[in-house]
Amino acid sequence: MTDEPRISEAEFRTRSRRSVLTGAAAAAAGFLGWRWIQTQETNDRIPKVLRSVHERNADIWQTLYSRERLAPTFDPSRARPIRINGRHGIRDEIDAAQWRMSVVGRSGELVGRHTIEEITNLPFTEMTVEHKCVEGWSEIVTWGGTPFTKFAALYPEDARAPYVSLETPDGDYYVGIDRDSMMHPQTLLCWELNRAPLDQWHGAPLRLVTPLKYGIKQIKRIGRIAFTDTRPDDYWASRGYDWYSGL
C-alpha cells in the first residue's frame, strides 16, 4: 500500500487560514468593485461601464453573424404551443379589420399605410424554429408570414437605412433593430403561429419574428415601422438590457 502524502497539523491550519483570507479578500474586492460601478455615470439606466460591455458584445455578434448564416430549422411536427409572455402594447383587444400599420421613411415623413389584407397578399413563407426568451426558456414553433425583405421592397430607398424602429399602435412597446438583422431571410412579418392565425395575446394581427434575436425584440401587434439613419430607442434597452439582444 503506497503511503499518501501527508501534511502536518500546523501546515493544514496555515493553508486553511490562507484560503479563508484569500476568499475574504476576493469577496471584499468584488463588493468594492460593484460599489464603484454603481457610482459611475449612467447610460440608459445602467452604469456606462456595463453599457459599454453590452456594446462590445454587440460588435462581436455582428462581426461573427453574417446574413448568410441561418438559424436551425426543425420539422413542423416538433412545433408546440408557446406561452404568453409580455403584454406591453397588447393589453387591449384590437379589431383586425380596423388595424392599420403606418410606415415612416428616413425623412421622418409618413410614406405608407397598410391593412392586414395588403400584408397577407405578400409572398408567404413558413419556418419552424426555436423561439428563445431572455428569461431562459425556449420553444420550437412554426411561424408563417412574409419575409421582411419582401415588405421592404415596397420602400427601396427608405429600406437602405441602417436601422428599423417598430412600435405597437399605442406606442407602449417599441424595439430598434439593425438593418442586417431585419433583412435576414428568416426575419418575418408574421400572421400565423403553428399554422393558425395569431391570437390577440401572441400579437394579432401582425408581429415580428426573427430567430436571430431574443423574444424581447420580436414585437407583437406592429402599428408603426420607421426606417431611420439613427439608432432608435428600444423598450428593454432603456431599462438596462442589451440593445442588440442577438443569439
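Among contacts between residues at least 6 apart in sequence, what share joins residues at least 24 apart? In this predicted model, the share is 68%. The protein holds 5 helices and 12 strands. Of its 247 residues, 41% are buried.

The largest nonpolar core has 29 residues. Phe 148, Phe 151, Leu 166, Ile 225 and Phe 227 touch the most other members. Helix H4 gives the most, with 3 residues. Beyond its neighbours within four places in sequence, Phe 148 is in contact with Val 164, Met 182, Met 183, Thr 187, Leu 188, Leu 189, Ile 225 and Phe 227. Another core lies apart from the largest one. This other core has 13 residues, including Met 127, Val 129, Cys 190 and Leu 193.

Aromatic contacts were examined next. The count comes to 10 aromatic pairs. In one of them, the ring centres of Tyr 155 and Phe 227 are 6.5 Å apart. Their planes meet at 45°, so the pair is tilted. Tyr 155 lies in the loop between H4 and E7, whereas Phe 227 lies in strand E12. The pair therefore ties together parts that are 72 residues apart in sequence. Tyr 155 counts as buried, at 10% relative accessibility. Phe 227 also counts as buried, at 1%.

A second pair joins Tyr 174 and Tyr 235. The ring centres are 5.8 Å apart and the planes stand at 70°, so this pair is edge-to-face. Distant parts of the chain are linked here: Tyr 174 is in strand E8, Tyr 235 is in the segment after E12, and the two are 61 residues apart. Tyr 174 has 22% relative accessibility and counts as partly exposed. Tyr 235 is buried, with a relative accessible area of 8%. Both tyrosines belong to a cluster linked by ring pairs, together with Tyr 173, Trp 236 and Tyr 241.

Two arginines sit over tryptophan rings. Arg 83 lies over the face of Trp 137, at 4.2 Å from the ring centre. The charged end of Arg 87 sits over the ring of Trp 201, 4.4 Å from its centre.

How values were computed. Residues are numbered from 1 along each chain as its sequence is written. This is a predicted model: local features need pLDDT of at least 70, side-chain atom pairs count only at pLDDT 80 or more; totals for chains, interfaces and linings use all residues. Side-chain values use heavy atoms; hydrogens and water are left out. Helices (H or I, at least four residues) and strands (E, at least two) are DSSP runs, numbered from the N terminus. Buried means under 20% relative accessible area, exposed over 50%, partly exposed in between (1.4 Å probe, protein chains only). Contact means heavy atoms within 4.5 Å. A nonpolar core is a set of buried Ala, Val, Leu, Ile, Met, Phe, Trp, Tyr and Cys residues joined through side-chain atoms within 4.5 Å. Rings of Phe, Tyr and Trp (its six-membered ring) pair if their centres lie within 6.5 Å; planes under 30 degrees apart count as stacked, over 60 as edge-to-face and the rest as tilted. A charge sits over a ring if NZ of Lys or CZ of Arg is within 6 Å of the ring centre and within 35 degrees of the ring normal.
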